[in-house]
Amino acid sequence: MSVPDVLARIRDAEAQSGRPPGSARLVAVTKGQDTDAIARAVLTHGAFPLGEGRAQELRDKAAEFTARGMAAEWHYIGPLQRNKVKYLKPVALVHAIEAEWQAEAIAQAAAGWGHAPDVLLQLHNGEAQKHGIPAAELPGVLKAVRDTGLTVRGLMVMAPDVEGEGAEATIRAVFRGAAQRAHDLGLSELSMGMSGDYPLAVQEGATLVRVGRSLFT
Ligand SMILES: *Cc1c(COP(=O)(O)O)cnc(C)c1O
């Protein structure tokens, strides 16, 4: 696969579900890839936002991009630890806020940077995973995060790690539930779908798909 192949599958999934072309945007997940590989495999095809899951790696890559006169919109897609917030200065969007303290730490750091990233709230996906905000707690966390001054643009969810018969239905139900929650809360962005399941995510309303491996193999 390559960026054009992935974009074609996104366009197909949009058409299948009656969504206008371009309603789902590709976030190119570049963790583990060096600057030359990113330039060759991703940026020759367009100015896609770049997603990184490790804060120091993001900081280092953003610095290298700047040194080489290259531009990028950086998204931080990983879980956020307190001592890593300082590396997020280049970031435009943080995908996986799961607690009020994370938003407070970002807002505090952003005061020193002179600009703040926007954020998405990560919804818990119902399986026994430790990450994400339970649906019942979303309205409260949304209010608390907004009170820090950050702009909440939407929700993010990870597909549950299931395989075999019924897996697709289970994943689809999680994506559909996330779309419903975002709609109920009046949030317009929905980050969901990875290499294994992004067409499904687009059919269910994703506005941002986080695809890595498929772009580089
Ligand atoms: C790595 C990662 C992705 C991309 O996964 P691929 O399977 O490489 O497409 C998406 N989202 C998150 C949070 C990730 O850590």
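Let me start with the shell of residues around the ligand, which by class is made up of five nonpolar, two polar and three charged residues. Please keep in mind throughout that this is a predicted model.

Going through that shell by name, the residues that surround the ligand are Val29, Lys31, Ile77, Met158, Met194, Ser195, Arg210, Val211, Gly212 and Arg213. As for where the ligand is placed in the protein, the ligand sits in the largest pocket.

With Gly212 the atom in question belongs to the backbone, where an N or O atom lies 2.8 Å from an oxygen atom of the ligand. How much of the ligand's area does the protein bury? Taken alone, the ligand exposes 380 Å², and of that area the protein buries 87%.

The partners are Phe65 and Trp74, whose rings are arranged edge-to-face, with 5.0 Å from centre to centre and 75° between the planes. The angle is what decides that label, because planes over 60 degrees apart count as edge-to-face.

Are these two residues, Phe65 and Trp74, buried or exposed? Phe65 has a relative accessible area of 1%, so it is buried, and Trp74, at 4% relative accessibility, counts as buried too, since the cut-off for buried is under 20% relative accessible area.

How values were computed:
Residues numbered from 1 in each chain as written. Predicted model: local features only at pLDDT ≥ 70, side-chain atom pairs only at ≥ 80, totals over all residues. Heavy atoms only, no water. Near = heavy atom within 4 Å. Polar contact = N/O pair within 3.5 Å; in protein donor to acceptor, adjacent residues only side chain to side chain. Areas by Shrake-Rupley, 256 points an atom, 1.4 Å probe, with all protein chains shown as cover. 1 Å grid on protein atoms, 1.4 Å probe; cavity = no way out; pocket = protein on both sides within 12 Å on 5 of 7 lines; lining within 4 Å. Sits in = over half its atoms within 2 Å of the grid points. Nonpolar A, V, L, I, M, F, W, Y, C, P; charged D, E, K, R; others polar. Phe/Tyr/Trp six-rings, centres within 6.5 Å; stacked < 30°, edge-to-face > 60°. Buried < 20%, exposed > 50% of the residue type's maximum accessible area, 1.4 Å probe, protein only.
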